[in-house]
Structure formats: C-alpha cells, structure tokens
Amino acid sequence: MNNITILWVDDEIDLLKPHIIFLENKNYQVITCKSGQEALEELNESKVDIVFLDENMPGISGLETLNEIKLMNASLPVVMITKSEEEFIMEEAIGSQIADYLIKPVNPNQILLSLKKNLDHSRLVSEKTTSNYQQEFRKIAMDLSMVNSYDEWVELYKKLIYWELQLEDIEDTGMFEILESQKVEANQQFCKFIENNYEDWFSDASGPVMSHTLFKEWIKPELQETSTLLVVVDNLRYDQWFAFEDTVNSFYKKTKETSYLSILPTATQYARNAIFSGLTPLEMEKRHPDWWKNDTDEGGKNLFEDRFLGAQLKRLGLDLKWEYHKISSLKQGKHLSQNFRSQKDNDLTVIVYNFVDMLSHSKTEMEVIKELASNDKAYRSLTQSWFKNSPLLEIIQQAQTMGMKLIITTDHGTINVKQPSKVIGDKETSLNLRYKTGRSLTYEEKDVLDARDPRRLHLPSINMSSSFIFAKNDLFFAYPNNYNHYVSYYRNSYQHGGVSLEEMIIPFVVLQPR
C-alpha cells in the first residue's frame with residue numbers, strides 16, 4: 001500500500017473518474033472536491049499528502065484556493081491543472097510555490113509521474129545516487145592506488161567533494177560512512193604524496209602553482225585592461241566555495257576555475273603572507289625582516305600584507321593604482337560596502353575577508369558555534385548563510401555593476417580534527433594544533449611530516465636546532481599535561497596548519513560580470 005492520500009479539486013470531477021480509478025488501482029487514496037471552498041473545508045478535516053487543483057473553477061478560483069492552502073500548510077505540495085497556457089497564470093502559480101504544473105487534458109501517466117516526482121522524489125534520488133556512488137566507489141578506490149600527480153589529486157579531491165554533496169541529503173548513512181572512509185584513505189595517500197614531492201616543487205618549474213608563486217603566475221595575467229577585484233576569503237575550503245558559488249553566479253559568470261597548493265604550514269601567517277609577498281617564508285625573513293614575524297615573536301603576524309603586496313607589484317614591474325582592505329568585523333565590511341564606489345578608478349582592489357577564519361577559530365571557543373558547525377555539512381551551510389547575508393556579497397554586487405573582473409581565492413583550508421597525537425616541547429614551542437616549531441620536539445613519527453632542517457622547505461628557523469612538524473590526516477597535537485581535558489576540548493573542531501587535501505588544495509576562480 002502507498003498510504004498516500006490525494007485531494008483532487010475540480011468542478012468537473014465526474015469527468016475524471018477514469019483517472020481516479022487508475023490511481024486507486026495503484027493503491028492511492030483519492031478524495032474529491034468540486035470547489036475551492038469545499039477543498040479548504042476538507043483540508044481542515046483530513047490528512048492529505050498532495051493536492052491536484054484545477055485553476056479555472058466557479059467561486060473561489062484555483063489561484064485563490066492555492067493561496068489559502070499555502071496559508072494553512074506551506075509545505076503541502078500542490079499540482080496546478082489548467083486548460084490555459086497563458087504565461088501570467090503560470091507565473092502566478094509558480095510564484096505561489098506550486099509543486100508542479102499540468103496542462104489539460106492530462107493523461108494518467110502524467111499524474112503518476114507528478115506524484116512520483118513530488119512524493120517519491122527523495123527516495124528515488126536516494127536510490128539513484130546510492131547506485132551511482134556504488135559504481136563510482138570502485139573507480140575512486142582504483143584511482144587512489146594510481147594517482148601520481150598534483151592535477152590527478154585535485155580531480156580526485158573534487159570528485160570526493162562532489163559525492164559528499166550528493167550523498168549528504170539522502171537517508172543511506174551506510175553509503176556516507178563508506179565515503180568518509182574513502183576520504184580518510186585519500187588523505188593518508190595524499191600525505192605520502194606530499195612527503196615525497198613537496199620539497200622538490202620549490203625548484204621544479206613543472207610543479208604546481210603554490211602560495212608564493214600564485215600572484216605572478218595566475219593573478220598578474222588577469223590584471224589587463226579591466227579593473228579587478230581580488231577577494232581572499234581566509235580559511236575557505238573547496239566545498240565551502242561550492243556552497244556559495246550559485247549565489248555568486250547570479251552576478252558573475254565563471255571563466256576559470258583551478259586549484260593551487262598552499263605552502264606548509266597551512267596557516268595564515270605563512271600562506272597568506274606568501275601570496276602577497278610572492279616570496280617563501282624564508283625569503284620574507286631575509287628580505288623584509290621588519291615585516292616578517294616568526295611564531296615566537298611578539299605582535300601580530302599579518303600586519304604588513306599591504307606592504308608585501310606593494311613590494312611584489314614593484315618587483316613585477318606592475319604600475320597599478322591599487323588599494324588593499326582587510327575586513328575582520330561586520331562593521332568594517334559594512335563601511336567598505338557603503339563606500340565601495342570609491343574603488344571604481346582602481347586597477348586592482350584587494351579584499352582580505354577574515355570572517356570564515358574567525359568562524360572556524362571561534363568554533364573551539366563558543367558552544368553555539370560548535371552546535372551550528374558540528375560537521376562538514378553544517379559548516380558548509382553556515383558558510384552559505386553567512387555569505388548570503390554578508391557585506392561581501394553586497395560588495396560583489398556593486399563590483400558587477402561597475403564592470404569589475406572578480407577573482408575569488410583563499411590562503412588555506414581547514415579540517416575537522418578527530419584524533420589527538422601526543423607531542424612534547426619546551427615553552428618556546430609554537431601553539432598551533434596542526435603544526436609545531438621549536439627545539440627538542442618529541443612526537444609520534446607516523447603521525448607527522450617532519451622538517452628537521454626547515455630551510456629545505458623554505459621555512460625560517462627560530463634558532464639553530466629548531467624543527468617543524470606538521471600533523472597528517474585529521475590529527476591534532478596534544479600535550480601530555482591535562483591531556484583528557486585538552487583532547488575533549490579540541491576534538492571535532494576546525495583547525496589548520498597541517499597536511500590534508502582540505503587544507504592544501506585551494507580554489508582559484510576568475511569571473512566576469514554578467
């Protein structure tokens with residue numbers, strides 16, 4: 001039995017007897033009414049799963065009845081059936097959130113298809129999605145054993161995100177658990193890939209574009225003729241970009257989407273300074289000691305991004321009119337939005353938007369955020385909700401009306417950390433949960449990528465015996481002191497600084513105004 005009840009409203013309901021018999025033979029229960037008023041009374045008395053509603057009836061019209069039904073139960077699906085193909089009627093009905101629209105005369109199979117589309121949709125999508133992923137699962141497993149280049153890793157990572165987005169709304173939790181296990185395995189393999197190749201990429205012209213080469217390789221060629229808005233949304237993962245891409249597409253069309261590799265540590269102080277300076281951290285320390293701050297130095301670590309950018313533009317021979325803006329609060333965002341027209345004569349406007357970074361850090365500090373972003377699906381949803389209501393979207397809308405090219409990227413991603421890894425260091429050891437730098441570090445070797453000589457990874461040494469370690473997969477570093485409290489506090493929080501697909505593979509998107 002379907003146990004599905006249909007309310008069919010039509011002043012000529014007697015003529016539809018063959019359709020009703022057809023549906024009853026398919027185990028649907030059909031209640032009939034001859035007027036809108038009768039239908040509204042029936043809805044007060046009976047539990048109904050879907051309404052078939054004639055548009056042209058004496059008394060209360062179909063559209064008026066539709067509005068009343070939506071006031072009574074906004075989520076009840078209503079299929080409008082009409083003889084008219086006039087556009088304004090269709091627009092009225094669609095604007096009132098109908099579930100489907102059928103033109104008379106309808107045949108029984110049209111009715112059945114509409115029922116399946118509206119009532120069985122989630123089940124049918126679930127079954128189809130699950131079936132498709134089961135087929136894809138074997139291919140992904142095979143790819144994991146063979147992937148051997150950065151570009152192949154990007155494709156595999158995007159494929160995993162695609163299936164995560166497809167599977168997140170279906171009821172088959174078993175399939176989602178299989179995908180999660182594939183993500184874990186992918187990160188284990190990716191960490192080995194980084195361990196084997198990362199150091200060589202600094203001297204290999206055929207290696208991936210990285211944080212310190214991004215501006216020269218990909219941003220500079222875009223700075224031709226048209227005014228450009230470069231938005232660096234701090235701490236933005238690839239899946240979070242997908243979460244608000246559709247909103248951006250209302251104003252801009254994508255002309256390029258690709259991925260670059262965040263340097264290690266995948267932390268703002270290193271990766272974002274590298275973008276704006278066009279230098280590795282080791283080169284920044286040597287060339288600009290007044291602007292570069294090591295982990296143990298006092299003061300903010302990202303206070304000179306605009307000066308780093310100015311020096312890079314000069315080095316690249318770019319004589320541009322440009323401005324740099326860092327947004328760390330709603331007030332700053334609103335102020336820039338209200339005054340954004342002042343950027344119209346710039347060749348380049350750079351905005352660093354820190355909201356996502358603040359959100360991910362505050363997740364460890366605020367129980368409310370922990371509830372709102374308890375997993376990746378919730379984190380994406382929260383990012384989407386923020387973006388749709390943010391001054392950043394207002395700025396992008398204005399940039400579109402001003403004819404500005406738009407580039408969206410980030411400095412690194414973030415990962416939901418699940419398992420602790422014990423580490424011991426002295427009081428000078430850095431505090432980040434996904435990387436540590438300091439002397440005499442003791443750690444679980446299988447859990448980390450280590451750099452006993454930081455210079456080989458183009459990183460500065462705090463002193464002669466300093467080394468770096470980077471957490472792999474979804475691990476986070478924990479000290480033995482007060483271990484259990486520390487672990488329970490930080491487990492299932494979003495952190496960055498280490499080695500994972502989520503932190504290192506970065507979206508870079510170029511868009512033109514619609």
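Visitor: Leaving aside its neighbours within four places in sequence, which residues is Lys405 in contact with?

Guide: Contact means heavy atoms within 4.5 Å. By that rule, and with neighbours up to four places away left aside, Lys405 is in contact with Glu222, Thr226, Ser227, Thr228, Leu229, Tyr252, Val510, Leu511 and Gln512. Take one of these, Leu511: Lys405 and Leu511 are 106 residues apart in sequence, but 6.1 Å apart in space, C-alpha to C-alpha.

Visitor: What am I looking at, and how are the residues numbered and the values made?

Guide: This is a predicted model, in which local features need pLDDT of at least 70, side-chain atom pairs count only at pLDDT 80 or more, and totals for chains, interfaces and linings use all residues. Residues are numbered from 1 along each chain as its sequence is written, and side-chain values use heavy atoms, with hydrogens and water left out.

Visitor: Where does Lys405 lie, and is it buried or exposed?

Guide: Helices (H or I, at least four residues) and strands (E, at least two) are DSSP runs, numbered from the N terminus. Lys405 lies in strand E10, residues 405-409. Buried means under 20% relative accessible area, exposed over 50%, and partly exposed in between, with a 1.4 Å probe and protein chains only. Lys405 has 7% relative accessibility and counts as buried. By contrast, Ser145 in helix H6 (residues 121-146) counts as exposed, at 62%.

Visitor: How many helices and strands does the chain have, and what share of its residues is buried?

Guide: The chain has 20 helices and 19 strands. Buried residues are 54% of its 514 residues. The C-alpha trace spans about 90 × 55 × 40 Å along its principal axes. Of the contacts between residues at least 6 apart in sequence, 73% join residues at least 24 apart.

Visitor: Which residues touch the most other members of the largest nonpolar core?

Guide: A nonpolar core is a set of buried Ala, Val, Leu, Ile, Met, Phe, Trp, Tyr and Cys residues joined through side-chain atoms within 4.5 Å. The largest one here has 100 residues, and Trp153, Ile194, Tyr198, Phe215 and Phe470 touch the most other members. A second, separate core has 19 residues, among them Val48, Leu66, Met80 and Ile98.

Visitor: Where is Leu223 found?

Guide: Leu223 is in the loop between helix H9 (214-219) and strand E6 (228-233). Leu223 is buried, at 10% relative accessible area. Beyond four places in sequence, its contacts are Phe215, Thr228, Leu318, Leu320 and Leu348.

Visitor: Why do the buried residues of helix H3 line one face?

Guide: An α-helix has 3.6 residues a turn, so residues three or four places apart point the same way. In H3 (residues 62-72) the buried residues are Gly62, Leu63, Thr65, Leu66, Ile69 and Lys70. Seen down the axis of H3, they fall within an arc of 155°, so they line one face of the helix. The arc is that of the directions from the helix axis to the C-beta atoms.

Visitor: How is a pair of packed helices described?

Guide: Two packed helices are described by the angle between their axes and the distance between the axes. Axes are lines fitted to C-alpha atoms, for helices over the stretch in contact, and angles run from 0 to 180 degrees between N-to-C directions. Helix H10 (residues 238-249) and helix H17 (residues 376-388) have axes that come within 8 Å and cross at roughly 35°. The contact involves residues including Ala243 and Phe244 of H10 and Tyr379 and Phe387 of H17.

Visitor: What is the phi of Ser440?

Guide: Phi of Ser440 is near 50°, a positive value in a residue other than glycine. Ser440 is in the loop between strand E13 (435-438) and strand E14 (442-443), and is exposed at 64% relative accessible area.
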